[in-house]
Amino acid sequence: MSEVDAVVVGAGPNGLAAAVTLARAGLSVRVYEKNSTIGGGARTKELTLPGFLHDVCSAVHPMALASGFFRRFGLQHRIELVLPEVSYGHPLDGGRAGIAYHDLARTVSALGRDGAAFHSLMAPLVERADQVARLAGSSLLMAPRQPITAALFGLRVLEQGLPTWNARFQGDVAPAMLTGIAAHAIRPMPSPVTAAAALSLGSYAHGRGWPVPVGGSQAIVDAMAADLVAHGGQIETDAGIRSLDQLPSSTAVLFDTTPRALADIAGRRLPTVYTRALRKFRYGNGVAKVDFALSGPVPWTNAELHKAGTVHVGGTRAEIAASEADVAAGRHTSNPYVLVAQPSSFDPSRAPEGKHVLWAYTHVPKDSSIDQTEAIITQIERFAPGFRDLILGSASMTARDMENYNPNYIGGDIAAGAATLAQLVSRPVISFDPWRTPASGIYLCSSSTPPGPGVHGLAGWYAAKSALKHSFGIRTTPSLAP
């Protein structure tokens with residue numbers, strides 16, 4: 001008999017989502033985590049100075065209210081999520097800024113002559129934000145449940161994914177706003193992949209909001225871990241796994257790892273052809289991150305940016321596209337795109353009274369070992385003069401440091417696999433059930449499987465449902481409600 005029913009390797013959001021789902025089905029589950037704390041891409045620590053709590057990887061969570069897993073899990077009833085009045089902001093020179101209010105009508109009004117064009121682009125998707133979330137949160141090989149939503153989304157992806165992407169707009173504010181979201185994909189633009197990122201995340205910004213978890217991203221994984229333990233699950237930390245021989249006997253093993261790590265750990269159990277495919281899976285460029293402890297709020301030239309949980313810094317559409325092209329060509333850009341989060345503006349517990357934390361990352365070539373602190377400070381200073389004078393301390397992670405922190409971030413790739421169109425279809429192989437490997441009882445549940453990167457738990461949830469069906473003969477999805 002097996003020592004446990006199921007084993008999960010890796011306690012990131014996807015691994016924990018898988019473990020929670022299996023435990024809710026009445027199975028005995030044990031999770032193994034390499035680090036001393038759980039969380040993967042959702043940890044919160046004092047990185048700079050005492051009393052300043054920084055999110056190590058993810059900070060703001062566009063999928064926290066949109067993910068099918070989190071909706072079923074009732075995340076909003078388990079932790080406190082603050083919805084900023086402004087989902088994201090985009091500063092431009094001269095004190096101008098694009099402001100994406102949670103309220104689409106208010107956003108449109110502020111865009112002036114391009115307001116109607118932005119409304120016609122986004123409104124049909126915002127009205128169907130939950131359907132867009134289901135579409136974007138599924139394998140591309142699955143037939144869409146809402147074909148009208150899929151058609152509306154697809155036509156807009158084609159428009160914003162082609163070199164004619166500016167045709168709809170007259171000014172530069174609305175295009176810059178869309179490009180700032182599109183750059184989350186860490187790909188050259190315009191492309192269908194970056195357009196899909198912009199339109200899906202944009203629809204959540206107005207349809208659901210981009211929440212900030214009180215207490216930091218750690219609150220999300222702690223809630224999942226608490227539910228797992230409450231249903232009999234176990235978590236072992238400081239437990240790096242290099243071989244299947246280290247694991248207890250079980251009916252199913254689910255890997256919240258990269259395909260490369262799966263091949264290394266379970267290669268002898270996997271068919272050679274499949275292992276070869278895992279090793280061919282490509283990883284993208286990386287990120288370099290800097291956390292700041294500040295003596296006061298960021299002095300944005302445009303005051304509305306203080307209301308934004310997320311700020312995309314990088315200038316115009318053309319400037320951001322040029323900087324992303326530099327990174328894609330293996331160069332460190334002189335005018336970087338910087339993704340900034342301001343959690344302490346909405347969660348005062350993150351810093352001592354009157355002080356703030358600021359989270360920032362920029363895109364760099366894979367395996368970069370170059371510190372980006374000065375480049376990030378300089379770019380923020382462009383739109384917030386005096387920012388440098390507020391810095392009490394900082395903590396920097398290069399792309400190589402990111403991989404050392406989390407082995408799933410190969411070369412600093414936080415997406416755990418290049419988000420190319422081919423690899424969104426083949427992630428990591430072409431299959432209607434890509435979470436299930438050819439070996440009996442072995443599953444992959446990381447961001448290297450559909451629907452890809454982000455803190456949403458969906459990859460783990462899908463993998464667990466596959467394991468329930470194929471390894472345990474359970475076809476009914478268990479309730480995840482609190």
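**Figure 1. Arg43 and its partner Glu33.** Arg43 is buried at a relative accessible area of 2%, where buried stands for under 20%, exposed for over 50% and partly exposed for anything in between (1.4 Å probe, protein chains only). Its side chain meets that of Glu33 in a salt bridge, 3.1 Å from N to O; the term calls for a side-chain nitrogen of Lys or Arg within 4 Å of a carboxyl oxygen of Asp or Glu. Both Glu33 and Arg43 sit in the loop between β2 and β3 (44-46), so the pair ties together parts that are 10 residues apart in sequence. Glu33 is buried too, with 6% relative accessibility. Keep in mind that this is a predicted model: local features need pLDDT of at least 70, side-chain atom pairs count only at pLDDT 80 or more, and totals for chains, interfaces and linings use all residues. Residues are numbered from 1 along each chain as its sequence is written, and side-chain values use heavy atoms, with hydrogens and water left out.

**Figure 2. Glu3 reaching Arg30.** Here the closest N and O atoms of the salt bridge are 3.2 Å apart. Glu3 lies in the segment before β1 (6-9) and Arg30 in strand β2 (residues 29-32), so the pair ties together parts that are 27 residues apart in sequence. Strands (E, at least two residues) and helices (H or I, at least four) are DSSP runs, numbered from the N terminus. How do the two ends sit, buried or exposed? Glu3 is exposed at 51% relative accessible area, whereas Arg30 is buried at 12%.

**Figure 3. Glu85 with Arg106, plus a charged trio.** The closest N and O atoms of Glu85 and Arg106 are 2.4 Å apart in their salt bridge. Glu85 belongs to the loop between β5 (81-82) and β6 (86-91) and Arg106 to helix α4 (residues 104-110), so the pair ties together parts that are 21 residues apart in sequence. Glu85 is partly exposed, with a relative accessible area of 36%, and Arg106 is partly exposed at 35%. Elsewhere, Arg24, Arg78 and Asp227 are linked in a network of salt bridges. A search of the whole structure turns up 18 salt bridges.

**Figure 4. The largest nonpolar core.** A nonpolar core is a set of buried Ala, Val, Leu, Ile, Met, Phe, Trp, Tyr and Cys residues joined through side-chain atoms within 4.5 Å. Of the 101 residues in the largest one, Leu22, Val29, Phe69, Phe118, Met224 and Leu254 touch the most other members. Helix α17 (residues 458-472) gives the most to this core, with eight residues. Domain 1 (4-45 + 216-280 + 419-472) and domain 2 (82-211 + 285-405) both give residues to this core, so it lies between them; domain bounds come from an automatic or database assignment. Zooming in on Met224, its contacts (heavy atoms within 4.5 Å) include Pro13, Leu16, Phe69 and Phe73, leaving aside residues up to four places away in sequence. Apart from this core lies another, of 24 residues, among them Val298, Val338, Leu358 and Leu390.

Figure 5. The C-alpha centres of domain 1 and domain 2 lie 29 Å apart. Their contact takes 18 residues from domain 1 and 13 residues from domain 2.
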